[in-house]
Amino acid sequence: MSHLIVQQLTKTVGDKTLFQNIEFTLYEGERAGLIGINGTGKSTLLSIIEGSMDADHMLMDHPNKYRIAYLAQDPQFTADDTVLQAVFSSDSPLIQLNRDYEDALAQLMTDAENETKQQKLFQLQQRMDEENAWDINALAKSALTKLGITMFDQTMATLSGGQKKRVALAKVLIEPADLYLLDEPTNHLDADSTAWLQEAVTRLKGAVIFITHDRYFLDEVATHIYELADQTLYRHVGNYGDYLEARAERIEREASSQQKLQNRYRSELKWVRRGAKARTTKQKARLQRFDTLKDQVTHQTDDDHLDMNLATTRLGRKVLEGEHVRKQFDDRVIIADFSFLLKQGDRIGIIGANGAGKSTLLKMLAGEIDSDGGEVFAGSTVKRAHFKQELPKMNEQARMIEYIREASNAITDANGESYSAAQMLERFLFPLHVHGTIIGKLSGGERKRLYLLRLLMEQPNVLLLDEPTNDLDIETLGVLEDFIEHFPGVVITISHDRFFLDRIASQLWYVKDGEVTSYMMRYTEFLTAIKEQEVEAEKSEKIKPLPEKKKVQKKKLSFSEQKEWETIAADLDTAERLIAEIEQDMASSGSDFTKLQELQQRLDEQNERYEYLIERWSYLEEIVSG
């Protein structure tokens with residue numbers, strides 16, 4: 001079995017030590033999700049392993065002829081290459097054979113009567129047959145299509161940054177390799193492409209190390225979690241849910257000052273559990289019991305905690321209103337006819353395939369471009385902040401604290417309490433000792449986090465977010481989600497991040513073929529409904545419209561449900577304790593098979609009761625929280 005052993009790896013950039021004497025071993029078939037705050041060196045670590053960057057010191061061992069396929073965060077291609085030439089640009093012999101074949105085919109297309117070119121193509125076809133290279137050819141074209149790239153003869157110079165990233169991803173996935181290094185592979189992918197990638201990565205024969213902010217993807221794909229923190233690499237066996245549980249236990253053992261992280265992980269895991277309902281009972285039980293484990297932790301006051309319920313300018317009854325809004329570019333209709341009315345507290349997720357017109361719609365809401373028909377009205381008190389995919393130009397020589405103070409030196413919460421720029425930098429995971437760092441030394445993810453904070457420091461009451469999760473680390477996403485949960489204004493966001501949308505969006509605007517359709521449902525519910533609709537369409541060969549979920553009046557607990565709610569927490573504690581006692585009895589029963597059989601029956605009964613109580617708790621909790 002092939003392996004990669006890394007020992008004593010140390011890397012310093014300038015005066016900052018990213019990691020010191022870290023080590024790990026990765027075997028064939030293992031898939032390690034690499035996580036950590038932006039700036040801890042995740043991309044640097046992949047570059048060192050791949051060989052494009054040197055370490056200060058490292059011992060690395062692997063078998064001879066060990067091939068590494070690398071997806072960089074910002075891949076580079078020859079501008080004049082076509083999409084197919086770019087995909088077949090690896091030095092692998094089989095990949096090179098496919099490129100030669102595609103080049104010969106393209107040349108013959110321009111001069112079909114040329115006998116020399118005909119003979120060359122014939123010889124390459126024979127080699128393709130002899131070396132069984134057709135599978136790679138078909139896989140490459142299938143991968144490109146699944147990733148939304150269908151014009152194989154386009155030159156790379158004509159593609160957008162997101163399209164180039166998807167071509168690079170296809171290039172890596174078709175390479176025969178022992179180790180795949182993937183830096184943010186889910187960026188710029190819609191839901192269908194992400195689902196396909198999820199399956200593709202799990203089918204890879206080699207080992208995989210991947211960086212991603214997509215927590216559902218991380219939970220489904222990872223067999224290990226590697227966490228970079230404090231110049232150290234922590235290794236956890238299992239997926240993201242297992243990591244959260246292990247991390248919480250580690251935090252509990254370390255120090256009570258880490259309580260704010262425990263709270264964030266408990267909140268985050270609640271959403272992981274919602275996304276894991278269809279998974280195995282074993283995994284679901286582990287994720288669900290994490291909440292109980294978290295509740296057992298002693299709560300202490302965190303002096304560094306900042307109330308995220310910030311003050312904003314009061315909004316009127318109407319925030320943004322659109323009447324028959326229309327937009328098109330040349331002959332292509334982006335938005336055909338869309339009317340809407342946004343009210344205070346609305347949380348909208350804009351979804352749809354890449355290129356459907358989501359960013360165009362958001363720019364119209366921001367007042368940055370005009371509609372071609374209809375009109376967008378903004379209330380007199382509306383103060384908008386537009387977070388764009390492309391960062392604005394920053395002064396490379398400015399220090400972080402100066403950059404934030406240009407927007408505001410302090411912000412105020414709903415109770416009138418003021419928080420300084422320095423305090424908010426700490427809240428957004430920039431420790432006090434780095435506030436004087438010049439922007440030119442920050443990583444791409446750190447710059448994006450800083451830009452996001454600057455917008456929020458202006459205390460807008462309408463947030464317009466265009467793919468805010470791209471390149472942000474999971475810790476920062478937790479901070480952003482906490483902020484949005486307490487934000488009193490309106491939030492409209494474009495995102496393909498299922499976890500992020502599930503947590504913050506209660507209404508969806510689905511953009512497709514010039515139409516914008518509104519759905520009152522969570523994103524994963526929408527995806528499930530779409531899949532069910534597709535299955536039905538295949539059966540009837542007729543696509544039926546997706547029914548809109550209507551808002552229901554807020555429920556109240558009945559008298560019996562109120563009594564149940566008062567005791568259900570204690571019932572869950574009792575069930576947990578009984579399960580633990582039975583498992584302990586089983587462990588000490590040795591080879592007494594009769595007793596083991598009795599205990600197993602009792603354990604099954606208690607697990608069934610525990611599952612029932614969890615379902616009841618979830619149902620009642622939703623009613624109580626509204």
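Is the crossing of H3 and H4 left-handed or right-handed? It is left-handed, meaning that the near helix is turned anticlockwise from the far one by less than a right angle.

Quick caveats. This is a predicted model, where local features need pLDDT of at least 70, side-chain atom pairs count only at pLDDT 80 or more, and totals for chains, interfaces and linings use all residues. Residues are numbered from 1 along each chain as its sequence is written, and side-chain values use heavy atoms, with hydrogens and water left out.

Back to the helices. Helices are DSSP runs of H or I, at least four residues, and strands are runs of E, at least two, numbered from the N terminus. H3 covers residues 93-110 and H4 covers 115-130. Their axes lie 9 Å apart, at about 150 degrees. Axes are lines fitted to C-alpha atoms, for helices over the stretch in contact, and angles run from 0 to 180 degrees between N-to-C directions. H3 and H4 are therefore roughly antiparallel, the label for angles over 145 degrees.

Who touches whom? Contact means heavy atoms within 4.5 Å. H3 contributes residues including Leu97, Tyr101 and Leu108, and H4 residues including Leu121, Leu124 and Met128.

Now the sheet. It is open and mixed, with 6 strands in the order S5-S6-S7-S3-S8-S9. Pairing takes at least two DSSP bridges between two strands. S5 (68-71) and S9 (232-237) are the edge strands, each pairing on one side only. Twist averages 15 degrees from one strand to the next.

S8 (residues 224-229) runs antiparallel to S9, joined by 6 bridges. There, Glu227 stands opposite Tyr234.

Last, H1, residues 42-50, packs on the sheet. H1 touches S3, S5, S6, S7 and S8.

Note on methods: Angles under 35 degrees count as roughly parallel, over 145 as roughly antiparallel, 65 to 115 as roughly perpendicular and the rest as oblique.
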